[in-house]
Amino acid sequence: MRITITSIGKWKKGPEKNLFDHYCQRIRWPLDLIEIDERQVNATKNLKKDALLEFYDIKNDSARHHIILDEQGILLKSGDLAKKIEHWQNSSIKQLKFFIGGSDGHNPILYDHADLLLSLGPMTWPHLLTRGLLVEQLYRSQQIIANHPYHRY
């Protein structure tokens with residue numbers, strides 16, 4: 001199963017990137033990061049639906065799941081997220097695509113194509129820090145699925 005994280009903003013050197021890289025090196029699933037410049041997002045506001053979905057590479061098929069990180073999404077315990085990922089993996093889902101918005105959130109059209117709205121909590125997190133939080137939870141899920149003691153209940 002491949003994991004793709006699409007996030008608004010570009011990396012700069014710093015602790016957020018170090019955190020992200022630290023956990024990416026530990027994840028066994030192939031992981032891609034697609035960075036979208038804020039100016040590109042502003043340019044997509046006038047795109048028609050099909051062009052917007054193509055821009056974000058959203059294809060509605062049974063082999064992909066689109067997960068939007070949003071403060072209004074569901075709150076999952078780490079173990080429950082791991083169960084979902086394990087279920088998707090065992091259900092022949094070939095790709096999980098996570099979307100991290102910028103300061104203005106996500107384009108409303110994206111929500112119509114989400115398989116899951118996921119919240120990392122009721123607080124607002126900077127999108128660059130959210131990448132590190134998300135990838136740590138993906139690593140934690142991997143370890144839970146493998147029955148590794150990294151995650152203690």
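A polar contact is a pair of N or O atoms within 3.5 Å, where, within protein, one atom must be able to donate a hydrogen and the other to accept it. In this predicted model, such a pair involves Arg64, since a polar atom of the Arg64 side chain lies 3.0 Å from the backbone oxygen of Asp57. Arg64 belongs to strand E3, which spans residues 64-75, and because its relative accessibility is 14%, under the 20% cut-off, Arg64 counts as buried. Leaving aside residues up to four places away in sequence, Arg64 touches Asp57, Lys59, Ile93, Gln95, Lys97 and Asp115.

We turn now to the helices. The axes of helix H1 (residues 15-24) and helix H6 (residues 127-145) come within 8 Å of one another and cross at roughly 20°; because angles under 35 degrees count as roughly parallel, H1 is roughly parallel to H6. The crossing in which H1 passes H6 is left-handed. On the H1 side the contact is made by Glu16, Leu19, Phe20, Tyr23 and Cys24, and on the H6 side by Leu128, Leu129, Arg131, Gly132, Val135, Glu136 and Tyr139. Sorted by class, the residues in this contact of H1 with H6 comprise eight nonpolar, one polar and three charged.

Conventions. Residues are numbered from 1 along each chain as its sequence is written. This is a predicted model: local features need pLDDT of at least 70, side-chain atom pairs count only at pLDDT 80 or more; totals for chains, interfaces and linings use all residues. Side-chain values use heavy atoms; hydrogens and water are left out. Axes are lines fitted to C-alpha atoms, for helices over the stretch in contact, and angles run from 0 to 180 degrees between N-to-C directions. Helices (H or I, at least four residues) and strands (E, at least two) are DSSP runs, numbered from the N terminus. Angles under 35 degrees count as roughly parallel, over 145 as roughly antiparallel, 65 to 115 as roughly perpendicular and the rest as oblique. A crossing is left-handed if the near helix is turned anticlockwise from the far one by less than a right angle, and right-handed if clockwise. Contact means heavy atoms within 4.5 Å. Ala, Val, Leu, Ile, Met, Phe, Trp, Tyr, Cys and Pro count as nonpolar, Asp, Glu, Lys and Arg as charged, and the others, Gly among them, as polar. Buried means under 20% relative accessible area, exposed over 50%, partly exposed in between (1.4 Å probe, protein chains only).
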